[in-house]
Amino acid sequence: MEITQIFGVSGAIIYLVSYILLQTGWIKGEGNLYAGLNMLAAVFVLISLTTKFNIGSFLIQVSFISLSLYAILRSFLSRRPVQISPAEQQLADTILPGLPYRRALKLIRNGVWKTEEDAILASQGEPLNQVSVLINGNAVVRKNGQRIAEVKSGQIIGEITCLEAKPATAEVSLAGSARYFAIPSNALRDILFKNQDILSAFELGQKKQMALKLA
């Protein structure tokens, strides 16, 4: 058997072994080991093509090598320490409990931090342009001009209305000076509906918020 054939057979064996290990749960599909085995197998098969070239097989092996390199690079980047400020960390723990901070920042960095006085965050009967999280200070909830509730630090404003794309059911205004985080409603819906893990964490945050409001 020629040396190139040995490489080809070895590559096929590595492909088979990696697939068996994946199916039996010994390795994970998103892990570097699986990507590395596939890349090694593809390199071996690619070497075997030097004596008997096949364009179809060549393209497949190059694709496997490229995808494996991408998977390894993505895994490496995902393990780098994430740069997150104390305020962002507090916000993530509030609205996205349990979600890794790297993923939480995908949502948080689409919003802005504001410090305002007596600002209206939601107007009854009008489209909700943003979802707000009160960081410091208080807000007052009024319906038909009557004060019905108070929003305290750490609570979310407008999350249910935003997800349902409905007009605000009440007016919410800051009671004096306050600092809050705001994210456009369209941006929030887009991120949540395209990222199931972020949506699940946000829904958990909603449940905790509801418990706080009812306490």
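## The opening pair of helices

Let's start where α1 passes α2 in a left-handed crossing. This is a predicted model, and the tour below visits a few places in it. Two packed helices are described by the angle between their axes and the distance between the axes. For helix α1 (residues 3-23) and helix α2 (residues 32-48), the angle is about 160 degrees and the axes are 7 Å apart. Because angles over 145 degrees count as roughly antiparallel, α1 is roughly antiparallel to α2.

Which residues bring the two helices together? From α1 come T4, F7, G8, S10, G11, A12, I14, Y15, S18, L21 and L22. They meet Y34, L37, N38, L40, A41, A42, F44, V45, I47 and S48 in α2.

Helix α5 (residues 101-108) comes within 10 Å of α4, axis to axis, and the two cross at roughly 90 degrees. That makes α4 roughly perpendicular to α5. On the α4 side the contact uses E88, Q89, L91, A92, D93 and I95, and on the α5 side Y101, A104, L105, L107 and I108. These residues divide into 8 nonpolar, 1 polar and 2 charged.

Where does α5 hide its own residues? A104, L105, L107 and I108 are buried. Their directions, seen down the axis of α5, fall within an arc of 155 degrees, so here too the buried residues line one face of the helix.

W113 lies in strand β1. Is this residue buried or partly exposed? With 27% relative accessibility, W113 counts as partly exposed.

Beyond the residues up to four places away in sequence, W113 touches A87, E88, L91, I135, R179, Y180 and F181. R179 is 66 residues from W113 along the chain, yet their C-alpha atoms are separated by 7.3 Å.

## Two loops with a positive phi

Most residues other than glycine have a negative phi. D118 sits in the loop between β1 (112-117) and β2 (120-122). Although D118 is not a glycine, its phi is positive, at about 55 degrees. D118 is partly exposed, and its relative accessible area is 47%.

N144 belongs to the loop between β4 (139-143) and β5 (146-151). Its phi is also positive, near 55 degrees, in a residue other than glycine. How accessible is N144? Its relative accessibility is 63%, and N144 counts as exposed.

## K152 and its contacts

The last stop is K152, in the loop between β5 and β6 (156-157). K152 and A139 are 13 residues apart in sequence, while their C-alpha atoms are 6.6 Å apart in space. Setting aside neighbours within four places in sequence, K152 is in contact with L134, G137 and N138.

How values were computed: Residues are numbered from 1 along each chain as its sequence is written. This is a predicted model: local features need pLDDT of at least 70, side-chain atom pairs count only at pLDDT 80 or more; totals for chains, interfaces and linings use all residues. Side-chain values use heavy atoms; hydrogens and water are left out. Axes are lines fitted to C-alpha atoms, for helices over the stretch in contact, and angles run from 0 to 180 degrees between N-to-C directions. Helices (H or I, at least four residues) and strands (E, at least two) are DSSP runs, numbered from the N terminus. Angles under 35 degrees count as roughly parallel, over 145 as roughly antiparallel, 65 to 115 as roughly perpendicular and the rest as oblique. A crossing is left-handed if the near helix is turned anticlockwise from the far one by less than a right angle, and right-handed if clockwise. Contact means heavy atoms within 4.5 Å. Ala, Val, Leu, Ile, Met, Phe, Trp, Tyr, Cys and Pro count as nonpolar, Asp, Glu, Lys and Arg as charged, and the others, Gly among them, as polar. Buried means under 20% relative accessible area, exposed over 50%, partly exposed in between (1.4 Å probe, protein chains only). The arc is that of the directions from the helix axis to the C-beta atoms.
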